[in-house]
Each structure stands twice: as structure tokens, then as C-alpha cells.
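This briefing covers salt bridges, a chain interface, a ligand shell and a helix.

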Amino acid sequence: MTEFQLFHDIVTDPFDYARNWKEANRRKIVGHFCSYTPEEIIHAAGALPFRIFGSGEAISRSDEHLQAYSCSFVRSALADALSGKLAFLDGTVFPHTCDTIQRLSDIWRINLTFGFHSDIGLPVKLDTASAREYLKSVFKKFKNELSGHLDCTITTDDLQRAAGLYNRMRSDMKQMFDLRRENPSLISSNDLQALVKASMIMDREVFSEKLSAILRDLSAIKPQPSQSLKRLVLSGGMCNIPSVHSLIEDCGAAIVWDDSCSGARYFEGSIAPHGDIIESIAERYMDKIECPAKHTDLFRRGEALVNIAKNNKADGVIFLFLKFCDPHAFDYPYVKELLVKEGIASMLLEIEAPLPSEEQLKTRCQAFLETL
Amino acid sequence: MSNEPKPADPEKEKRKIKSVGKMKEIMTGYYIEAKTAEQTGKKVAWITSGGPVEPLIAMDVIPVYPENHGAMIGASKMGSDLCEKAESMGYARDLCSYARADIACAPINGGPIGGLPKPDMLVCCNNICGTVLKWYQVQARHFGVPLFIFDTPFCHTEFSAEARRYVRRQVDEYIEFLEGVCASKMDVDRMHQVGRLSLEGQRLWQAVLDTTMHKPAPMSAFDAFFHLALIVTLRGTQTVVDYYTALLAEMKTRIENRISAVPKETYRLLWDNLPIWYRTRWLSEKFAAHEACLVADTYTSAWCGTMKYLDEADFLGTMAEAYSRIYLNIGVDEMARDVIAMIDKYAADGVVMHSNRSCKPYSFGQYDIKKIIQRERDVPVLLIEADMVDERSFAESQVDTRIDAFMEVLENRK
Ligand code: SF4
Ligand code: SF4
């Protein structure tokens, strides 16, 4: 769809977008790595939160700092930084997630000189009173540090407005996902994926307006008689390889839900409008289904995926993992077992940037679809 | 050719550390006690190697270490098989081989000691890595027992006031957890005594490691890998204090009698990262053949590296900081400073780094540490690619050549 072209352009060259945005707006850009970054606070500070995905280009640039058994996302992000592609950043924020990101933060701090460096020492568990209190204090500390780094004050009003904007954006995104679920032929997954990624890069006010407009247009279209496509759910870490979505769809399937941190997990939940605003922001991060690098209940993630598959009437689940990603790989056996118990078929695709052979992936997808 | 046993080589006999027998005895006794806990009514807790064991000792709970189990599996060369088994259970080959091997053992009571004793509870402290969190979740699902997570936020550049408060609160939560599972109260005096013994054990262990400052070194890092087991497993008991007192005395006698770990110690090296458990003997002979002794390492010193934060009079209060600031929970630059301090302290001529596929938090950052070392101190650094337990990731001939080349560099510098 032509409405999506803008997003595709931005996702194709996010660096170019960021540089132009900075030039035109004379505002600051803060890079970050994870869906646990409290973007609302960065936005409230008047800066653009920029999710670093890793362009996948010239990854070997990172070889002098990272061994080959680091995930390609981290190697690629570091390569981009070292080669100057990210020089427009005024700072970078590292929320604590996995062991690899943890060390990336150190390597980044030691070797790269642009902008400020901020570690957000998130707790690893989110299910105890002291951990929740700690997370809130960490966000408050981050807010204070950020206003120092960016030389600005962040008022409660700023934060309220940011929370309102993010709530709107998240609920609109969820509606987009719902629309696709009801009517997969309405929006291609490739377009939707571009939209999700753009939502982590673009000026959020502008993005939110465009999103509402698209949503209005799409909602007005009468559902077409549904084709008999196999319905799939994707589950995994971050997928910075857009071609995977179209590749799966080209095999004759519809992706009806995308349970990844660069998919639905990014816009899950909303910020309660009452009470201390930073605490409300923190609560959303604590209550959403956790990323596998965090802990709540031993079965919560697996059960959530089973429910997603059931609620979306999925025929199967494709696990899309980046090679060397420990948190996801550890969860895979038990989550798969829960799916098996419910009679839901699944397949594991372990990928690495740059994508290996498309033919091979296609063959595997087709084979999987035939079994459904 | 006769089949008679060769007479013991007196040279070799002289070099053998006599305490080894005692150590084996203690460890066997400890495992038997743990394995028969069900009969004796004692509780068993599985705990991570960097975890706060002292409250367990004070509560009379037997601590069991899956990582120590992993090391035993590696040393008995059962690693590849068990890792493959884990892979057939769906665990990716790129995961930590301690975790893979242990997870594979649990359902079949496999491994060198027929599986670890069943836990009544799991205590996971993430001050060493995020892997242990995932690993303990797997075992908590498998055994259906309560899991306590002792969460120590990573100290990239600081131990923040917020983190201090959070970890300190968890000390109390931990004790409540133990009191719940054991259905008994903690004896405060007992805890005080255990804290004192823990510190005493750590001091002694550090003193043992310090004996290698002497030239030639009376023991090597390979010996330290072995004698480490007690400070990890039974920290806080009198047994540890007694054992290291004797070991320290033995080292002092060796120094007096000029008995060195390596016959003609010419080169002194530092080791970084976990041992390559299935090749310790091979490596030790390899370096010895080059007249090189690994005099110290970053691994075994991790169990006494945070004494400066501990206060004997307030062990529970200060252990929050000590457990949060251990070697693997600090930034790469601080690690590099520690390594440089060790180079100076032990007068090392070179550093050997094990780039360990299994242990990402230990290995990522090594390249930068190497650069920092080379900038600050003029010593060569060798990187060896391997894995601590999974032999499939070890290319012997390649490692062999690299060590030879490295030693040649050192020889040319002397
Ligand atoms: S993909 Fe996995 S290993 Fe890589 S940064 Fe994300 S969570 Fe960490
Ligand atoms: S070897 Fe490394 S990754 Fe494995 S448990 Fe130990 S610290 Fe964690």
C-alpha cells in the first residue's frame, strides 16, 4: 500500500531520517536497544528516542571487540557505531537485559566518544515489591540523569503528555494488529512490520498522526471474503530482518500475530493516568508479558504464547530466534512443550544477519506449512 | 616390556601437593552427606557459585552447586555427550555448557556422580550471569521446588544507592524465604559465627593464592582450580578454615624447601576465564614443558575479591555490596584494572585468555581488556578459543601451535 511507503523508506535508511530530522528540528536524538527503555521519559525531555536495530552492513567492523559467538544484532549495532553511522546520536541508553547487551554497554562506553552514556540498571525480576520499588527508583534516577545530560528540565506535564501520546500510539498499533488478525489480506505483514519499526524511529507526534489516519482509512474498508491462508504466529526476539515476513507470506501463509520485542510486545499495555507519573510509566513495563531475560512467573511467557495462538486461531507458531540469543534459546523447550500439549504445531527458525539462503528458509517454511 | 608398575618418579612425588588427599576426602564426605540428605532430614539447596551461601550454612541447609557439577562433568570428559543430550532436548548448542550438561543430567541422574541430590529449593544469584536465571528457571520447572532470585544489579561504573537499598532488602527476603522452606527461625548468633568463618576462609584462600608471588611459585593456577572447590562450596564452615590453614602451611614449607609447581620456572603467566576442564592436565604439561607457570588467574580469586566490602561485625548488612561487586558483575574497564593489578602483584610475563564460548559475560570484553593491558603494561597476551566443558569446541592442534608461538615471543623477550 502506498500509505506505507513512508515507513518503508524510513526503515530502509533510519540513519538518513534521523540526520534530517535533527537538522530540521534542531533537537536531540537518544539511541537505545530494548523495549524496556522508558522512551516516554526521553520523549518528555524533548529528544527523539531512536531504537538501534543494526543495519547488518559491514558487521566485521566489530570483530576487534566481539567474538563471533555474540549475536549478530549486537555485532551489527557496534559496527554501525564504530563506522560513524550513528554519529548523529547525542547519547545512548543501555537498559539491562542480557549478558551480551551488558558487555556491549561496556565496550561502547570505552570505545565510542559521541554523546552521553547511560546504563539503566533494571532489576531482573519484576514480581516482588522490592524489585518494583527499585525499578521505580531507577526510572526516577534516569529521569534526573537525562535532564542533566540533555540540559533540560522534565516537568510532570511533559511526562503526562508523553504518556498520553504513547498510550494513543500503543492502542492504535494494537488496533492495527487486530485488524490484520481479522482480515489478513488487508495489511501485509511486511507493511505492518515497517510500521512497527518506524514507530521506534520516527518523530512520535508525526508518527501517531499518520498512524491514526491509516487506521481510519483501513477501518472503513469492508472485510473481504477471507482466503484460506494458514494462520501463523511469530514469536521471538528482535527481528531486524524484514524480508523474513514477506518470505513467510510468500509461502502462502498469513502472519496473524507477531509476539516479539520489535512487534507486539513493544506496544502492549498502557500507562495509568493517575498517581505519580513516573511510577505509572514504570508499572506498565513491569506488568507487560516479560521478555525472556526477565523473571516473573515460571510459566507466564509460555502460557501467554499459547493464549495468543488460541485467540488468534493460529494453525502454527514460528519461533524466530537470533543465533546466540541465550534468553530465548533457554525458554524454547518448555514453551514448545506447552504448545505441543495444546496440539499447536511449531517450527524453530534460527537466523543470523545477514540472512543465509532465502531458498533454504523458504523450503523449510513450505515444508512446515504442508504439515499444518 | 614388564607389566610391573613403574617406580614413582621422586622428582614428581616431591612436587605433589600433599593436601590433595584431604581435599578429596572432604569433598567425598560432603557429596555423601548431600546425597543422603533425605534420610537425615536435612534440606538441600542448589545455589549458584557466586551466590550468598552463608545463610544456608547458618540454617543447616546443605548447599549444592550445579556449576561445580558442571566442572566435574567437564573434568571427567562427559561434557560432549551430555551437551548433545541437552541439544536433543531442544537446548541450543550455543548455550553455556555447564547449564546444558546439568540440565541433561537431571532427568536421567546422569554424569560422574549419578546426578545431583534433589533440591528442596533453588537459590539463584545473577551476579555472575543472566544464564543462571534461565538455567534455574528450567530446574525450578523440572523439580517443582521454590526458587529464590537474589538480584544483584550490574555495576557498570557504580553500585548505586538505589541498588544498595534493593539488594539489602533482598538479604532480609532471602532469610524469610529460608525460614519458610525450613520452617525454622535463623539463629542470629550462628549467622554471626558463619559470617566470621566465611571471611576467615576468604582471607586464608587469598593468602594461599598469594604464595605464588614467590619466585618460583609453589603452586600454579591449575592447583588453584582444584583447591578452589572448598571456598566455593563450604564457605562459612570451620572445615574450610582448617583446610586452608593446612594448605597455606604446606605452601610455606614448599617455599622454604624451594619446591616449585613447575620444575624450572622461567616464565610467569596469568590465566583469564574458566579452566578448560577436560584439558587441564594437558595444558599444565604443555606450559610446564615451556618452563612456564600459570601463577595466578582471575577465576579462583573471584571468591575472595570483595573482602574489602565485608564487615565481620555486620556480615548480613555488608554482604549486599560484596555480592554485587564481584569480578563478573563489574565493567570491563574495572576488570582490566584488576588484571593489571594482578600482573604487577604476581610479576607476570604474559597473559593467557581463554575465550570461552560458553561464558559470554566473562568472554565478551576480553579483546578490550587485552588492548588495555597492552597499552598499560608491556606484556604479550594470548587468546585461546575453547569451551570449558564441551570438548567439541576444542581444536587441540591449533591451541598447541598457538601456545608454541606465544612462548616463542616470550622467549625472545627475555
Ligand atoms: S538478540 Fe538476544 S542475545 Fe542479542 S541482544 Fe537481544 S536478547 Fe541479547
Ligand atoms: S560459565 Fe558463565 S554463563 Fe555459564 S553459569 Fe558460569 S558465569 Fe554463567
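Is D404(B) buried, partly exposed or exposed? D404(B) is partly exposed, with a relative accessible area of 28%; buried means under 20% relative accessible area, exposed over 50% and partly exposed in between, with a 1.4 Å probe and protein chains only. This is a predicted model, in which local features need pLDDT of at least 70 and side-chain atom pairs count only at pLDDT 80 or more, while totals for chains, interfaces and linings use all residues. Residues are numbered from 1 along each chain as its sequence is written, chains are lettered from A and ligands numbered from 1 in the order in which they are written, and side-chain values use heavy atoms, with hydrogens and water left out.

**Salt bridges within chains**

- Over all chains the structure holds 61 salt bridges, a salt bridge being a side-chain nitrogen of Lys or Arg within 4 Å of a carboxyl oxygen of Asp or Glu.
- R132(A) pairs with D287(A) in one of them, with the closest N and O atoms 3.0 Å apart.
- R132(A) belongs to helix 6 (residues 129-150) of chain A and D287(A) to helix 12 (residues 277-287) of chain A, so the pair ties together parts that are 155 residues apart in sequence; helices (H or I, at least four residues) and strands (E, at least two) are DSSP runs, numbered from the N terminus.
- Both partners are partly exposed, R132(A) at 22% relative accessibility and D287(A) at 44%.
- In chain B, K286(B) forms a salt bridge with D404(B), the closest N and O atoms being 2.8 Å apart.
- This pair links distant parts of the chain, with K286(B) in helix 14 (residues 280-289) and D404(B) in helix 19 (residues 396-413), 118 residues apart.
- K286(B) is buried, with a relative accessible area of 15%.
- K22(B) and E25(B) also form a salt bridge, at 3.6 Å between the closest N and O atoms.
- Both residues lie in helix 2 (residues 19-35) of chain B, three residues apart, about one turn of the helix.

**Interface of chains A and B**

- Contact, meaning heavy atoms within 4.5 Å, involves 47 residues of chain A and 55 residues of chain B.
- About 4400 Å² is buried between the two chains, and carbon and sulfur atoms give 57% of it; buried area is the accessible area (1.4 Å probe) that two parts lose on being put together, summed over both.
- Y69(A), R103(A) and F330(A) supply 20% of the area that chain A buries against chain B, more than any other three residues.
- Seven salt bridges are counted between chain A and chain B.
- A salt bridge joins the side chains of K360(B) and D326(A) (2.7 Å, N to O).

**Shell around ligand 2**

- Among the residues around ligand 2 are E67(B), W135(B), C359(B) and M388(B), where a residue counts as near if one of its heavy atoms lies within 4 Å.
- Helix 8 (residues 131-143) of chain B gives the largest share of this shell, three residues.
- C359(B) is buried, with a relative accessible area of 12%.

**Helix 4 of chain A**

- Eleven of the eleven residues of helix 4 (residues 72-82) of chain A are buried, so this helix is largely enclosed by the rest of the structure.
- Its buried residues pack against helix 2 (14-25), helix 5 (99-111) and strand 7 (316-322) of chain A.
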